[in-house]
Amino acid sequence: MKTILAKVMAAAVGLLAVAPAAEAADPIKIVALYNLSAGGLASIDGPSLNGAKLKAKEINDAGGLLGGRTIEVTAIDTKNDLKDAATGAKRAVSMDGIVAGVGHSDTTFALASAPLFQDKGLPFVTSGATSPDLPDMVGGEMFLACFGDDVQAHAMAEYAYKTLGVHNIVIWTDNAMDYTKGLSKYFQDRFTQLGGKVLLNDIYMTDDKDFSALVSRLKANPDAQAVFASSGPDTAGIIIKQIREAGIKLPILGGDGYDTDLVSTVPGPDLSDDVYFTTHAYVGLDTGVANTFRTSYQKAYGNPPENAFAALGYDALGLVADAIKRAGSTDPAAVTKALNATTAYPAVTGDIAFKNGSRVPSKPVAIMYVDHAKVNLKSTVTP
Amino acid sequence: MGRRASWLGALVAAVTGAVLVYAASAALNPYLLSIIAFVGINVILAVSLNITNGFTGLFSLGHPAFMTIGGYVTAILILSPARKSHLLPDLPSWIAHRQWPFLASLLAGGLVATLVAVIVGFPVLRLRGHYLAVATLGLIFIIQGLAINLDGYTRGALGLNGLPELTNLWWIYGWMLLTLYVCWKLKHSSLGRTMLAIRENELAAACLGVRITRTRILAFALGAFFAGVAGGLWAHLVTLVTPSSFSFLFAFQLVVMVVLGGSGSITGAALAAAALTVATEALHPVEEALNLFGASQLLLAVAVLLVLIYRPKGLFGMAEPDLLAWIGKSPGRQPTHTGLKRQTEV
Amino acid sequence: MTGGYILEQVANGIILGSMYALIAIGFSLIYGIVRLINFAHGDIVTIGAFAMLASVAAIGAPFPVSILIVLAVGAGVGVLIERVAFRPMRGAPQVTGFIASLAVAIIIENVGIMTLSAQPRSFIVPAYLSAFIRLGSLQVRAIDLAIVLLAILLMIALAAFVRFTKVGMAMRATAENYQVARLMGINIDRMIMLAFAIGSALAAVAGLMWGSKYSQISPLMGLIPGLKAFVAAVIGGVGSISGAMLGGYVLGLAEVLFVGLLPPEYSGYRNVFVFSTLIVILLVMPNGLLGRSTDERA
């Protein structure tokens, strides 16, 4: 961790270095809105921003876009506060020369920021807000770089029913997060459609640390063959730990909120076992773009990508840059049109295509399996 | 300065403000406009909190709870029936089929907040000092919990989005003037003096026949009304209201504004609200350049500590500085009949 | 709802209560002496947890030694806070002290986020503490048992200190009437420092326990437990140490049983329940269960 003094000096040096460079061609301005300094989302927003900045740097190092123009990413911290998300977005769209915005890993924050981009006709690509209803709620400038929760929940429901043979399940939902509520709902819809039975729908809140009551109720359902514990990254590890500590050996299923190494480290190698979760298809692919991304991230930041959201941030920015390239200009309307026309952008998290006028990409879903704290790719589902 | 002259001074100030608002709306970009809008809302909040905390000496942290109530009520009333039935299935039909205009909805939001304040106030306002503070803090959590869990009525954690952006500088300016006017009138009325008396020495006030509980509840309710309205204005500025929109941290920031400005000073609270809103926002680009996210909150907290150590009564204490005398001419400095200068009003 | 299930819930309530009790004692100690609520208390819990992590991971000290380190760190931080934020506010109205402590809390939290990042971290306890122990029909982990025993040990030590030592008596005198205590020649400043040191040390240990039990810590983890422990202190009667202990266990049990015994639909109302309880207790029993009515409350 650098000291504050070092940071101030770095900023001063940075300012000095930038001054002469101001004569170069106009940079392409993209804004990134993330919760960097507060709240539970910082653990996924921070890596997302890192991913986005990495992609921008790579493009700039390779010569920039549109004949040598560099991409300039301005990061705005929305401080886990909706008002700051709105004013940050207002500030962003008032900046001269801004082309597009990326950001947010949570639907509620996307709903606070994106409408401002929509009003100004600027495209906004969310890296991690997975609600499939977002484009409908915001408008034609709203794009997702990630798959929708319906896709991942359906994939898990099918996997559970058909592959794991789970016909009776207990569902736990974090009632304080819209993401988890959506995930559980979509899971339940598909699971019951396939013929499965939900024995119990239990609730908790994000800050709860004590799941003993839910665990006991789970135990009181001896017919349950698995538990779908819909959770964000900060509670996933705790849930797994407490379920296993109680001696329950049922498979634990989850969504991309489980994509954090807390899932392995918090329960520990003995307890972090027999867990399946869906996530963006970069994790576990040891080939090609995923691997290159991993090594570059490690080199730039000194540690491997903390979770798939780093890759999503990388992809969101990459998608915007690709659209700018295809549009051949930085005119926001042209960029939006190019985004809509994306047919196969080779993202690290799986090819992005916006088909049939949808602005939610149909991307492959990776199903991961945790075996004694080791996370492995079990299968990839392409919708 | 006689009564009429001070009236004139206030009118001039109001008109000047209106001109500024007009100019700003025309000239400034949306970002700056939104900052000014939030300054206005924070002024409404700080000045109304001053009634509860400053005048009456109640230590209430409950403003965010009332903002949540006001924000949701206003938003629900404004939503079109189609959206209401889609988003909020459990709403009783007499609400679900109506759609109210902005002003009526704001008033409704304020009134519901006031109602809750009165209901909660009867039991809770018997407490003093810290206990009241934490009880009102608890109220924030209770309202948040209810908003999250009663999702048939409130749409739960996602909140209500896509609200029409009805709030503009004019609305905020108008409500701000109203709040300032009400507070000013209150402070210089016998009710206001009653509140100040309760704050200074409750026992003595009781001996003089002051109805303590009733006055406290009144102060609490009045503050809650404006907080509710401010919540409604806020919701239709950000176009989104969620259970976590108004947090305990926000309560802290409001209390800071009141304390820094001087508890009991309307001008102080207003100025402090404006200054703090602008300062926190101005620090954002600095934070981003240095990659030190969280620094602005840190600096604010440090500043608060310093002010509390070195100038514990805040900027103005309980006085209302005679700003109008600066705008007008020197006649403002004439002593009143009793020979006391207008400045000292404690 | 079998007997075994209820027993399990009660056990969980006692474990949670032990942690709340330790934090609540700190609140009461400080309040008893300076009549100020230290809002930064919850953040001392966080500091304790991180100190533990640093001690075990960075220095590699064995667990029991780390407990002592955490106690020391907690005491140190408490004294620092007293010096910086509370001493200048002495004599000022209550509100000022409250806000000052809120400011300190925000400072600590933001420094934590800036230096350590908001990412939660895992917190591993040594293997011998993760083992399961059978107590009759109940199965608990060694760490849970350790938490309860450590808490009881510390509480007994504190009670003995306060009752039987001269310094302890001096503290009690200061809490009762600090003007007269000063006249008796007691060094008030030192008593206040001591109260902060002890209270904060206990809070830091509670942080250690919290981290050990849930295996996950983050810079903002202490905020909610701190608030709930305040509720516990109020339930027991703020200013009374035994009240804080009792309040801690009452709250821990109430919280766990509320979620455990009511149907699942109500589990989301856990915090609503806790804070409503606060309000109800303040109204029905303004001095809490064991408090003395030394100052105006209602």
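## A parallel sheet in chain A

Two strands pair if DSSP finds at least two bridges between them. With that in mind, have a look at chain A of this predicted model: five strands form an open sheet there, in the order E2-E1-E3-E4-E5, and the pairing is parallel. The edges of the sheet are strand E2 (71–77) and strand E5 (142–144) of chain A, each of which pairs on one side only. On average, and with direction ignored, neighbouring strands of the sheet are turned by 25 degrees against each other.

## Strand E3 and its partners

Strand E1 (residues 28–34) of chain A pairs with E3(A) in the parallel sense over five bridges. Two bridge partners can be picked out here: A:Ile30 has A:Ala100 as its partner in E3(A), and A:Lys29 has A:Ile98. E3(A) also runs parallel to E4(A), and three bridges join these two strands. Along that pairing, A:Gly103 finds its bridge partner in A:Thr126 of E4(A).

How many of the six residues of E3(A) are buried? Six of the six are, so the strand is largely enclosed by the rest of the structure. The cut-off behind that word is 20 or more other C-beta atoms within 10 Å of a residue's own.

## Two domains in chain A

The domain assignment of chain A gives domain 1 (4–148 + 286–364) and domain 2 (150–280 + 366–381). Taken over C-alpha atoms, the centres of these two domains of chain A are separated by 30 Å. Where they meet, 20 residues of domain 1 of chain A are in contact with 19 residues of domain 2 of chain A.

On the domain 1 side of that contact in chain A, H2, helix H4 (107–119) and H13 each supply at least two residues. H13(A) gives the most, with three residues. Sorted by class, this side has eight nonpolar, 10 polar and two charged residues.

## A buried loop residue, A:Ile352

A:Ile352 sits in the loop between helix H14 (332–340) and strand E11 (365–371) of chain A. Is this residue buried or exposed? A:Ile352 is buried, because 26 other C-beta atoms lie within 10 Å, and the cut-off for buried is 20 or more.

Leaving aside neighbours within four places in sequence, A:Ile352 is in contact with A:Ala145, A:Leu319, A:Thr342, A:Tyr345, A:Ala347, A:Pro361 and A:Lys363.

In soluble globular proteins, nonpolar side chains tend to be buried together. In this model, the largest nonpolar core has 351 residues, and those with the most contacts inside it are B:Ala46 and C:Val205. The core draws at least three residues from each of domain 1 and domain 2 of chain A.

To see the surroundings of B:Ala46, look for B:Leu254, B:Met257, B:Val258, B:Ala269, B:Ala270, B:Ala272 and B:Ala273. B:Ala46 touches these residues, not counting those up to four places away in sequence.

## Where the chains meet

Between chains B and C, 35 residues of chain B are in contact with 33 residues of chain C. On the chain B side, helix H6 (102–124), helix H7 (129–149), helix H13 (248–261) and helix H15 (295–310) are the elements that give two or more residues. H7(B) gives the most to this side, with 13 residues. By class, the chain B side divides into 26 nonpolar, seven polar and two charged residues.

Chain C also meets chain A, with 26 residues of chain C in contact with 30 residues of chain A. Here the elements of chain C that give two or more residues are helix H1 (3–34), helix H4 (94–116) and helix H11 (241–261). H1(C) provides the largest share, five residues. This side of chain C has 11 nonpolar, 11 polar and four charged residues.

Methods
Residues are numbered from 1 along each chain as its sequence is written. Chains are lettered from A and ligands numbered from 1 in the order in which they are written. This is a predicted model: local features need pLDDT of at least 70, side-chain atom pairs count only at pLDDT 80 or more; totals for chains, interfaces and linings use all residues. Two residues are in contact if their C-beta atoms, placed from the backbone, lie within 7 Å. Helices (H or I, at least four residues) and strands (E, at least two) are DSSP runs, numbered from the N terminus. Ala, Val, Leu, Ile, Met, Phe, Trp, Tyr, Cys and Pro count as nonpolar, Asp, Glu, Lys and Arg as charged, and the others, Gly among them, as polar. Axes are lines fitted to C-alpha atoms, for helices over the stretch in contact, and angles run from 0 to 180 degrees between N-to-C directions. A nonpolar core is a set of buried Ala, Val, Leu, Ile, Met, Phe, Trp, Tyr and Cys residues joined through C-beta atoms within 7 Å. A residue is buried if 20 or more other C-beta atoms lie within 10 Å of its own, exposed if 12 or fewer, and partly exposed in between; C-beta atoms are placed from the backbone. Domain bounds come from an automatic or database domain assignment.
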